[in-house]
Every structure is written in structure tokens, then in C-alpha cells.
Amino acid sequence: MSGGHAHDVSLDDTLDFLNTDDTDDGFPAERLPSLDAALDWFVTRGVIHGEGADGVRRQAEADTLRGERELARVHGVRGALREVAQAVVDHRPPAPSALETVNRALHARQVIELVPSNDGCVAVDHRHVGDPIDDALARLSDPFVVELTAGQPERIRQCGGDTCFWFFYDTSRTQRRRWCDMATCGNRAKAARHRARARATSTDDEAITTITPAL
Ligand SMILES: [Zn+2]
């Protein structure tokens, strides 16, 4: 997607945001470890303007605590969205506190207004209100909520990899995709199955060798 004044945040962007709470070989790996990193990510995805991000950076430099709070808010909304996604995958109701956090994020979305357009008709204008991070989090929450209410939430899946907790959208016809990515998690799972089979076979061999002398 473009990094400009983009309003077309896709569900993939939202899921990518969820997956920034990542793991490396089963250990937590935070892909947005600082407010700076989070702002960079938002700008790349077009959910925050460069100027907006710079404003937040300046405020955070002047007030470290405020910067920490902003980052905690980003992580908090991401965690709440993850909880809702997890609940969808597990077919259970999400934690009420997660819903509250997501709802609060949604309310902070930018205001859309109709304005006369140059061709004498009418256009949609966006009045940016409130703070850029609120706006970014609302925009990232949006496609997810639309998918839940008017889409196919059953296509939101979680990777079956042992140490992978990525969410993905299953676009396959059969809706039986199991891995976030066949090239990584799919192959890893295949290799693990292969190793397990090889181990089982060698254990059988050992069992036979141990038993043989007794016979
Ligand atoms: Zn995976």
C-alpha cells in the first residue's frame, strides 16, 4: 500500500500489526520495541502521516513518560486485537477487557465529512481529530472489525507452527490452510514430522537390538 495519505488499510495490514508481537524459536520477539519503531511501522503502512509521527516523536522527547505511555497504548491495543483474533480462532467469547480496549480505539477514529468537490459534485473529506496514534490504532482496528461483522471471520486463522503464533487470512478455496507461510512454518513442520518419524524408526531399531540378545 502507499505510504501517502492512504485510507485503504487492509486486513493484511491489521494482521501484520498483530504479528509484530512475534516469537523467535519460541521466545517472545517484540518487533515494535520502541515508540520510534512503532511510528516507523505506522508511517510505512500509511496509517500515520510523517508530520504526525514527527510531532509524536517531539512530544516523547520532551516527556519520556508520555512516550512510554504511547508505546504501552500501541502494545495494549495490539494485545486486545490479538485476544479478539484468538477468541475468533478458538470459537469463544473474547475477554471483556479486550473488547473495551478495541472499542475505545475504534471511537478515536478520524471523522469523515462530505464536502463539495471540484467537479461540482460531492467528495469525502477526512477531518483529522485527536492524536495521530489514536487515529493509527483506530484505522488498524477497522478492517478487522469489518471482517468480523460483514466478512468471513472464519477465514482468520492462526499458524499451526509449534513456535509460531501468527494470524493470517486464509484465502484458499478449501479454507484449510494451516501455515502462515508454507516456505517457513510449513516446511519446518514437515521437517519436524520427518525427524519424529526418523526418531521413531531408530527407537524401534534400538528396541529390537536390546531385545535380540535376550531371545
Ligand atoms: Zn507460522
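1. Helices (H or I, at least four residues) and strands (E, at least two) are DSSP runs, numbered from the N terminus. The model is predicted, so local features need pLDDT of at least 70 and side-chain atom pairs count only at pLDDT 80 or more, while totals for chains, interfaces and linings use all residues. Residue numbers run from 1 along each chain as its sequence is written, and side-chain values use heavy atoms, with hydrogens and water left out.

2. Helix α1 spans residues 11-18 and contains Thr14. Thr14 has a relative accessible area of 0%, and is therefore buried (buried means under 20% relative accessible area, exposed over 50%, partly exposed in between, with a 1.4 Å probe and protein chains only). Contact means heavy atoms within 4.5 Å. Apart from neighbours within four places in sequence, Thr14 is in contact with Leu140, Pro143 and Phe144.

3. Helix α1 as a whole is mostly covered, with 6 of its 8 residues buried. Those buried residues are Leu11, Asp13, Thr14, Leu15, Phe17 and Leu18. They pack against β1 (21-24), α2 (35-44), α4 (64-90), α6 (132-150) and β6 (167-169).

4. How many salt bridges does a search of the whole structure find? The search finds 17, where a salt bridge is a side-chain nitrogen of Lys or Arg within 4 Å of a carboxyl oxygen of Asp or Glu. One of them joins Arg45 to Asp16, with the closest N and O atoms 2.9 Å apart. This pair links distant parts of the chain: Arg45 is in the loop between α2 and α3 (50-62) and Asp16 is in helix α1, 29 residues apart. Asp16 counts as partly exposed because its relative accessibility is 28%.

5. Arg139 and Asp135 form a salt bridge whose closest N and O atoms are 3.2 Å apart. Both lie in helix α6, 4 residues apart, about one turn of the helix. An α-helix has 3.6 residues a turn, so residues three or four places apart point the same way. Arg139 and Asp135 are both buried.

6. Arg157 forms a salt bridge with Asp170, at 2.9 Å between the closest N and O atoms. Here too the pair links distant parts of the chain, with Arg157 in strand β5 (residues 156-158) and Asp170 in the loop between β6 and α7, 13 residues apart. Arg157 is partly exposed because its relative accessibility is 22%, whereas Asp170 is buried at 0%. Elsewhere, a network of salt bridges links Arg66, Glu70, Arg73, Asp131 and Asp134.

7. Gln175 is in the loop between β6 and α7. Its relative accessibility is 26%, so Gln175 counts as partly exposed. Not counting residues up to four places away in sequence, Gln175 touches Gln152, Glu154, Arg155, Arg157 and Asp170. Gln175 and Arg155 are 20 residues apart in sequence and 6.9 Å apart in space, C-alpha to C-alpha.

8. Which residues form a positive surface patch? Arg178, Lys190, Arg193 and Arg197 do. Patches are made of residues with over 30% relative accessible area and no salt bridge, like charges being joined within 9 Å and nonpolar side chains (Val, Leu, Ile, Met, Phe, Trp, Tyr) within 5 Å. Lys and Arg count as positive and Asp and Glu as negative; His and the chain ends are not counted. The place of a charge is taken as NZ of Lys, CZ of Arg, CG of Asp or CD of Glu. Accessible areas come from the Shrake-Rupley method with a 1.4 Å probe, and for residues only the protein chains shown count as cover. Arg197 lies in helix α7 (residues 182-214), and counts as exposed because its relative accessibility is 53%.
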